[in-house]
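Please open the structure in the viewer and keep the selection tool at hand.

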Amino acid sequence: MTVTRGIDWLPGMDKRARQRLITDGAELVFHPGQRVFGLGERCQGLPILHSGCIRVEMLSAAGSEIVLYRIEPGQMCTLSIACLLDEGLYHANAVAEQESEALLVPPRAFDDLMADSAAFRRAVLRGYGARLQSLMLLVEELAFRRVDARLAELLIQRADHEGAVHATHQQLATELGTAREVVTRLLGEFERAGWIERHRGWVRIVDPAALAQC
């Protein structure tokens, strides 16, 4: 990865701002399972993902986890933006799900670019707004949709072309923000209804149409 490749996501950026990112931006590589940042840590800059995938998740006081969002190529970390704007600490953890490459914009460069580059500022605010909308939808799902319906939808989304979902009960629970025992119970109900087959570490969807009606 080069810094130039890492900033191609920002069309229309002026030459001065582009040069600032090339000069001050740091190239980062994260391996699968590697922590990107942790709860209570101070933000070291704004990561802009070039390749791979980073999962951002929150841990409750009871010890359960929920996935807040994933950072995909061309996207930036919303929590990092918030931390940089208010000089606060992270309230969640981030872990690389795949081999990932990112450009890290340090705090001073971030402040200067927000003040001086309209294109950079628009891109940051656009990304922040889009993520805020997705987080509002997550809150709505957690508050108003039944867990069984959300689990059924998640299985359908993650199934491969053969109907297989390679995920543990704990991984599914983390995605949904619920307990592993709840997922295990619901999968048992789905299996008794003839909608899925359970295997160790994975699930196969047998009747996707019926599952979608859950």
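Across the whole structure, a search finds 3 aromatic pairs; rings of Phe, Tyr and Trp (its six-membered ring) pair if their centres lie within 6.5 Å, and planes under 30 degrees apart count as stacked, over 60 as edge-to-face and the rest as tilted. Select Phe37 and Tyr90, a stacked pair at 3.7 Å centre to centre with 5° between the planes. Phe37 belongs to strand β2 (residues 35–37) and Tyr90 to the loop between α3 (78–86) and β6 (93–96), so the pair ties together parts 53 residues apart in sequence. Helices (H or I, at least four residues) and strands (E, at least two) are DSSP runs, numbered from the N terminus. Phe37 is buried at 4% relative accessibility, and Tyr90 is buried at 4%; buried means under 20% relative accessible area, exposed over 50%, partly exposed in between (1.4 Å probe, protein chains only).

The model is predicted: local features need pLDDT of at least 70, side-chain atom pairs count only at pLDDT 80 or more, and totals for chains, interfaces and linings use all residues. Residues are numbered from 1 along each chain as its sequence is written, and side-chain values use heavy atoms, with hydrogens and water left out.

Next, select α7 (169–176), whose buried residues are Leu172, Ala173, Thr174, Glu175 and Leu176. Among the elements covering them are β4 (54–59), α5 (118–144) and α8. Just after α7, Gly177 has a positive phi of about 70°.

Finish at Thr178, in the loop between α7 and α8 (180–192). Thr178 is buried, with a relative accessible area of 15%. Beyond its neighbours within four places in sequence, Thr178 is in contact (heavy atoms within 4.5 Å) with Val147, Ala173 and Val183.
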